[in-house]
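I record what I looked up, entry by entry.

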Amino acid sequence: MKMQSFKLRETGLNRFFGPLEARIMEVLWSAEAEMTIKDVQLKLDEDKVMNFNTVMTVMNRLVDKGILSKNAENRASKYKPVVTRDAFMETQSKELTYDLIEQFGPLAVTHMVDALDKVDPELLDQLEQHIKLLKKDR
């Protein structure tokens, strides 16, 4: 699932979601089981009082976007993320990287390499091995 927008000036999940969407996703990703709208609202209320209808609207929009799944159970539907937080971030970072390379070509790659001076040396070793494999397969 590719998110339609990326907000450069934001951080974390707010780069992909609105503020309330991000908070809802954090609640659901940290949950051990599916949650009802009321469950999510109560969890959000710990920080700031939230209107039930507002939470319901946002959660149903996340279902429409393919981020949450909705399981109708009795009168209260239960919601859960379609993918884990890690899988979501993996997909989004991959899509963003491909978009940058498609749009900016060698400049994007050059800037990514320049940014490597800030990473763990072990990651550099892994990257070097990956590049060697890519070259070998060509």
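I count a contact when heavy atoms lie within 4.5 Å. Helices (H or I, at least four residues) and strands (E, at least two) are DSSP runs, numbered from the N terminus.

The model is predicted: I take local features at pLDDT of at least 70 and side-chain atom pairs at pLDDT 80 or more, while totals for chains, interfaces and linings use all residues. Residues are numbered from 1 along each chain as its sequence is written, and side-chain values use heavy atoms, without hydrogens and water.

I then listed its buried residues, Val55, Val58, Met59 and Leu62; buried means under 20% relative accessible area, exposed over 50%, partly exposed in between (1.4 Å probe, protein chains only). They lie on the same side of H3 because they cover an arc of only 100° around the axis, taken from the directions from the helix axis to the C-beta atoms. These buried residues pack against helices H1 (19-30) and H2 (37-45) and strands E1 (68-73) and E2 (76-81). On the face turned away from the buried side I found the exposed residues Arg61 and Asp64.

After H3 comes Gly66, with a positive phi near 85°.

Entry on Leu116. I located Leu116 in the loop between helices H5 (106-114) and H6 (121-136). Leu116 counts as partly exposed because its relative accessibility is 21%. Leaving aside residues up to four places away in sequence, Leu116 touches Leu124 and Leu127.
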